[in-house]
Amino acid sequence: ATTIVWFIFRKADWSWILQDFLGILFSINMLKVLRLPSLKTCTCLLCALFFYDIFFVFITPLFMKGKSVMVEVATGHSSDEQLPMVLKVPHFSSDPCLKYTYSLLGFGDILVPGLLLAFCHGFDLMVGSPWKIYWVVSCVMYTLGLVA
């Protein structure tokens, strides 16, 4: 029912709330379903996606008329439609006449580090770490990376 409400009202100013709610539920579900077998796999995946992000966000504008392919796909290009593949966080303003602008956080930026966090949590459980040190350090570093 939430998806239908979002689909009907997806162009309303408040639809980002439903989109983010659905995106968070999707991310949690994917993290419950997917498991990576080793830290080497996690590291290779994170490194590959790091360079993938750099290429599609910062390098493609150099030969695509100044437009990033990844940003164009996430924002719907020149069409009026957007795919719900990002979490949208509005920049709130004190002026009620201004239209919302949004910061975008793609699902890949949530799911891939989330797979590493899930691996670290599983490792802490497997070795019986009382303070879950790998998971705690990974969470702190991921949070610092998001904030920076």
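Reply: A crossing of two helices is called left-handed if the near helix is turned anticlockwise from the far one by less than a right angle, and right-handed if clockwise. Helices here are DSSP runs of H or I with at least four residues, numbered from the N terminus. The model is predicted, so local features need pLDDT of at least 70, side-chain atom pairs count only at pLDDT 80 or more, and totals for chains, interfaces and linings use all residues. Residues are numbered from 1 along each chain as its sequence is written, and side-chain values use heavy atoms, leaving out hydrogens and water.

Me: In which hand does helix 3 pass helix 5?

Reply: The crossing is left-handed. Axes are lines fitted to C-alpha atoms over the stretch in contact, and angles run from 0 to 180 degrees between N-to-C directions. For helix 3 (residues 39-63) and helix 5 (residues 108-127), the axes come within 10 Å and cross at roughly 160°. Helix 3 is therefore roughly antiparallel to helix 5 (a term for angles over 145 degrees).

Me: Which residues of helix 3 and helix 5 make the contact?

Reply: Contact means heavy atoms within 4.5 Å. Helix 3 contributes Leu39, Cys42, Leu45, Leu46, Leu49 and Asp53, while helix 5 contributes Asp109, Val112, Pro113, Leu115, Leu116 and Phe119. By class, 10 are nonpolar, none polar and 2 charged. Nonpolar covers Ala, Val, Leu, Ile, Met, Phe, Trp, Tyr, Cys and Pro; charged covers Asp, Glu, Lys and Arg; the others, Gly among them, are polar.

Me: How is a pair of aromatic rings described?

Reply: One gives the distance of the centres and the angle of the planes. Rings of Phe, Tyr and Trp (its six-membered ring) pair if their centres lie within 6.5 Å; planes under 30 degrees apart are stacked, over 60 edge-to-face, and the rest tilted. The count by this rule is 7 aromatic pairs. Phenylalanine 9 and tryptophan 14 have ring centres 5.5 Å apart and planes at 40°, so this pair is tilted. Phenylalanine 123 and tyrosine 134, by contrast, are edge-to-face, with 5.1 Å centre to centre and 80° between the planes. Phenylalanine 123 lies in helix 5 and tyrosine 134 in helix 6 (residues 133-147), so the pair ties together parts 11 residues apart in sequence.

Me: Is phenylalanine 123 buried, exposed or partly exposed?

Reply: Buried means under 20% relative accessible area, exposed over 50%, and partly exposed in between (1.4 Å probe, protein chains only). Phenylalanine 123, at 31%, is partly exposed, and tyrosine 134, at 46%, is also partly exposed.

Conventions
Helix = DSSP H or I, 4+ residues; strand = E, 2+ residues; numbered from the N terminus. Parallel < 35°, antiparallel > 145°, perpendicular 65-115°, else oblique.
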